[in-house]
Amino acid sequence: MSELLFFILGLIIGGLVMTTLMCCLQINRLNEYERLLLMRDKNEDEEEQGTEVVQCQIVE
């Protein structure tokens, strides 16, 4: 009977530890994706500022 109790406790504790570990790894991955998106948006903004040409006309 005690072997069954230890087995169930091991499953519960192992599940909690693995869930915590997977959540921490996922949070780290999300932070990396956010950094890459911010860098991409920054590069696109710099390219738009340098290549945009505006022609002005004088209306009388």
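## Fold

Helices (H or I, at least four residues) and strands (E, at least two) are DSSP runs, numbered from the N terminus. In this predicted model, local features need pLDDT of at least 70, side-chain atom pairs count only at pLDDT 80 or more, and totals for chains, interfaces and linings use all residues. Residues are numbered from 1 along each chain as its sequence is written, and side-chain values use heavy atoms, with hydrogens and water left out.

The protein chain has 1 helix and 0 strands. Helix α1 covers residues 2-51 and includes I8.

## Surface

The accessible surface of the protein chain is about 6,300 Å² (Shrake-Rupley method, 1.4 Å probe; for residues, only the protein chains shown count as cover). Carbon and sulfur atoms account for 63% of that surface. Of the 60 residues in the chain, 0% are buried (under 20% relative accessible area; exposed is over 50%, partly exposed in between; 1.4 Å probe, protein chains only).

M1, L4, F7, I8, L11, I12 and L16 form a nonpolar surface patch of about 800 Å². Within this helix, I8 counts as partly exposed because its relative accessibility is 40%.

## Cysteines

The structure holds 0 disulfides (pairs of cysteine sulfur atoms within 2.5 Å). C23 is in no disulfide, and its nearest cysteine sulfur, that of C24, lies 7.0 Å away. C24 is likewise in no disulfide, with the sulfur of C23 as its nearest at 7.0 Å.

C23 counts as partly exposed because its relative accessibility is 43%. For C24, the value of 47% also means partly exposed.

How values were computed
Patch = residues over 30% accessible without salt bridge, like charges linked within 9 Å, V, L, I, M, F, W, Y side chains within 5 Å. Salt bridge = Lys/Arg side-chain N within 4 Å of Asp/Glu carboxyl O.
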